[in-house]
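Please examine the sequence and the model together before reading on.

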Amino acid sequence: DWKKRYSIPDENIYDYDNFDSIKDNPDIDLVYVVLPNGMHKEYTIRAAQAGKHVIVEKPMAFTERDCQEMIDVCKEAEVQLAVGYRLHYEPHHIEIKRLGQEKVFGQVSLIEVSLGYDISGIDPNDWHFKKDLSGGGPLMNLGVYCVQASRYTLGEEPISVTAQFGPVTRPDLYNEVEESITWQLNFLSGAVATSASSNSSRVDRFFASAERGFFELSPAVSYGPFIGRSSDGEFDFPVINQQAAQMDGIAKEILEGRELPEHISGIEGLKDMKVIEAIYRAAETGNKVVLS
């Protein structure tokens with residue numbers, strides 16, 4: 001269907017069996033890895049070793065160590081590695097980043113950001129329920145956006161984490177990964193970010209409270225269309241195709257021969273995974289996990 005729709009020539013069609021032969025095709029500049037999470041590392045490395053730039057979907061990998069290996073391989077191959085953080089190019093999120101980091105309403109003290117969907121109606125054999133392919137439940141697939149929003153709103157990295165798994169209402173589906181999880185991130189500035197992600201209930205909200213005001217989005221971290229406001233009034237930003245803006249932005253940097261900005265690079269994916277691993281440890285142990 002794609003071949004017909006976009007007039008893709010036969011020599012640019014690949015499958016899993018002949019994927020590595022893309023190294024012999026100069027028409028291919030970049031590979032976008034949109035496979036299940038457990039396949040991100042392997043195909044990022046194989047694409048890099050074929051001499052192609054890479055965009056890998058979030059979460060970048062399962063562990064901070066895996067992320068570092070992906071970064072190292074891409075660096076050695078002299079290709080660029082980006083992570084598919086679509087919201088970095090979305091105007092509402094560019095605005096909350098500005099409001100928080102520039103302290104437009106003063107220091108942000110509290111962030112509440114959560115994302116959840118009810119996926120109980122999908123095939124019980126779907127890869128989202130299989131830990132070897134997903135790496136985890138909604139924290140990996142949805143919560144990563146909440147971790148992201150907290151980090152780039154404040155422009156800080158968390159210094160400690162607490163977390164709690166939610167109840168399992170569908171043990172037939174959730175015997176390998178969590179059904180829901182809540183967590184709290186503490187930052188050096190004193191700010192606290194509290195979040196939840198769920199595969200059994202719907203939530204899509206961002207709220208930030210600062211010294212002299214607030215700003216919020218609802219819907220917030222899904223595909224929108226986003227609705228936002230601050231203490232100064234309603235936001236008025238266009239609705240965009242988030243993936244198109246992301247891919248255009250990344251492609252522009254690469255085509256013009258510039259190093260990708262860190263906020264969209266593998267380094268950003270590694271920072272998220274460091275926090276996500278800590279959230280899981282905190283939920284599993286019931287203890288506060290301190291981040292170095």
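A residue is called buried under 20% relative accessible area and exposed over 50%, with partly exposed in between (1.4 Å probe, protein chains only). Both Phe19 and Tyr43 are buried. The model is predicted: local features need pLDDT of at least 70, side-chain atom pairs count only at pLDDT 80 or more, and totals for chains, interfaces and linings use all residues. Residues are numbered from 1 along each chain as its sequence is written, and side-chain values use heavy atoms, with hydrogens and water left out.

**Aromatic pairs**

Rings of Phe, Tyr and Trp (its six-membered ring) pair if their centres lie within 6.5 Å; planes under 30 degrees apart are stacked, over 60 edge-to-face and the rest tilted. Eight aromatic pairs are found in the whole structure. One of them is edge-to-face and joins Phe19 to Tyr43, at 5.2 Å centre to centre with 70° between the planes. This pair links distant parts of the chain, 24 residues apart: Phe19 is in the loop between α1 and β1, and Tyr43 is in helix α2 (residues 40–49). Together with Tyr16, Phe19 and Tyr43 form one aromatic cluster. Helices (H or I, at least four residues) and strands (E, at least two) are DSSP runs, numbered from the N terminus.

**Three buried residues**

Asp272 belongs to helix α8 (residues 266–285). It counts as buried because its relative accessibility is 1%. The side chain of Asp272 makes polar contacts with the side chains of Gln148, at 2.7 Å, and Arg151, at 2.8 Å. A polar contact is a pair of N or O atoms within 3.5 Å; within protein, one must be able to donate a hydrogen and the other to accept it, and residues adjacent in sequence count only if both atoms are side-chain atoms.

Thr153 is found in helix α6 and, at 0% relative accessibility, counts as buried. A polar atom of the Thr153 side chain lies 2.6 Å from the backbone oxygen of Ala149. Contact here means heavy atoms within 4.5 Å. Beyond four places in sequence, the residues that Thr153 touches include Ile96, Ile111 and Phe206.

Pro158 lies in strand β5 (residues 158–165); with 6% relative accessibility, Pro158 is therefore buried. Leaving aside neighbours within four places in sequence, its contacts include Arg151, Phe187 and Val275.

**Pockets**

On a 1 Å grid over the protein atoms alone, a pocket is an open set of points where a 1.4 Å probe fits, with protein on both sides within 12 Å along at least five of seven lines; lining residues have an atom within 4 Å of a point.

Of the 24 residues lining the second largest pocket, the closest to its centre are Lys58, His128, Asn141, Tyr145 and Tyr223. Both β4 (108–118) and α6 (138–154) supply at least two residues of that lining.
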